[in-house]
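Q: I'm new to this one and would like to go through it piece by piece. Could you show it to me before we start?

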Amino acid sequence: MATETHDTANTAASACVDSHGGALGMPQLCGEWMGNQIFWLVVTLVVIFFVLSRVALPRIASILAERQGSITNDLAAAEDFKAKAEEAEEAYNKALADARAEAQNIVAQAKAEIQGDLDDAIAKADAEIAAKSAESEKAIAEIRASALDNVKTVAKDTAKEIVAAMGGKADARSVTAAVTARMKG
């Protein structure tokens, strides 16, 4: 009986297997094994479908969602940094303009101070020149007055000597009156 069962198994499998147990042609294409292959194919596809749909695809979807969120957050942060950079640039430009204006004010103040000091020095020099000029005018007036007195004295003495040399006699009053009249014009 054991031989009959073995023979039955050999005859059933004999359409796809040779006497040595090797496959005849391609075993996938053996018509007797198609039902079995289709069953295991469906079972395998169902298992793969459930594994993918329940485990792999949710993980992939969460990773993609996380990556998209990171990209969105990074883009928002980049926009914020760009806005802050623009604000910093505007603040820098304003500070630079303020510094230039302050420098211009400092230069203007320095020029005004220097001009004021120069004006004070010029005024002081003008005052000193005016004082020295007044002193000089006074000295010149004194010299002129003394020179005029000296000229009168010399003219009187000369007139007396000339009159005496000519053989005349002149009194001091008449000589003084003649010299004074002549000097007036």
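Q: Let's start with Glu86: is this residue buried, partly exposed or exposed?
A: Glu86 is partly exposed, because its relative accessible area is 40%, where buried means under 20%, exposed over 50% and partly exposed in between, using a 1.4 Å probe and protein chains only. Before going further, please note that this is a predicted model, in which local features need pLDDT of at least 70 and side-chain atom pairs count only at pLDDT 80 or more, while totals for chains, interfaces and linings use all residues. Residues are numbered from 1 along each chain as its sequence is written, and side-chain values use heavy atoms, with hydrogens and water left out.

Q: Where is Glu86 found?
A: Glu86 is found in helix α2, which covers residues 34-165; helices here are DSSP runs of H or I with at least four residues, strands are runs of E with at least two, and both are numbered from the N terminus.

Q: And which residues gather in the patch of negative charge?
A: The surface patch of negative charge brings together Glu79, Asp80, Glu86, Glu87, Glu89 and Glu90. Patches are made of residues with over 30% relative accessible area and no salt bridge, with like charges joined within 9 Å and nonpolar side chains (Val, Leu, Ile, Met, Phe, Trp, Tyr) within 5 Å. Asp and Glu count as negative and Lys and Arg as positive, while His and the chain ends are not counted, and the place of a charge is taken as NZ of Lys, CZ of Arg, CG of Asp or CD of Glu.

Q: What about Asp80, how exposed is that one?
A: Asp80 counts as partly exposed, because its relative accessibility is 48%, and Asp80 is also found in helix α2. From Asp80 to Trp33 there are 47 residues in sequence and 66 Å in space, C-alpha to C-alpha.

Q: Switching topic, how many salt bridges does the structure hold?
A: The structure holds one salt bridge, a term that stands for a side-chain nitrogen of Lys or Arg within 4 Å of a carboxyl oxygen of Asp or Glu. The partners are Lys94 and Asp98, with their closest N and O atoms 3.3 Å apart.

Q: Where do those two lie?
A: Both Lys94 and Asp98 lie in helix α2, four residues apart, which is about one turn of the helix. Lys94 counts as exposed because its relative accessibility is 54%, whereas Asp98 is partly exposed, with a relative accessible area of 41%.

Q: Okay, aromatics next: what is the count of pairs?
A: The count comes to two aromatic pairs, where rings of Phe, Tyr and Trp (its six-membered ring) pair if their centres lie within 6.5 Å, and planes under 30 degrees apart count as stacked, over 60 as edge-to-face and the rest as tilted. Phe39 and Trp40 form an edge-to-face pair, at 5.0 Å centre to centre with 75° between the planes. Phe49 and Phe50 also form an edge-to-face pair, at 5.7 Å centre to centre with 70° between the planes.

Methods:
Areas by Shrake-Rupley, 256 points an atom, 1.4 Å probe, with all protein chains shown as cover.
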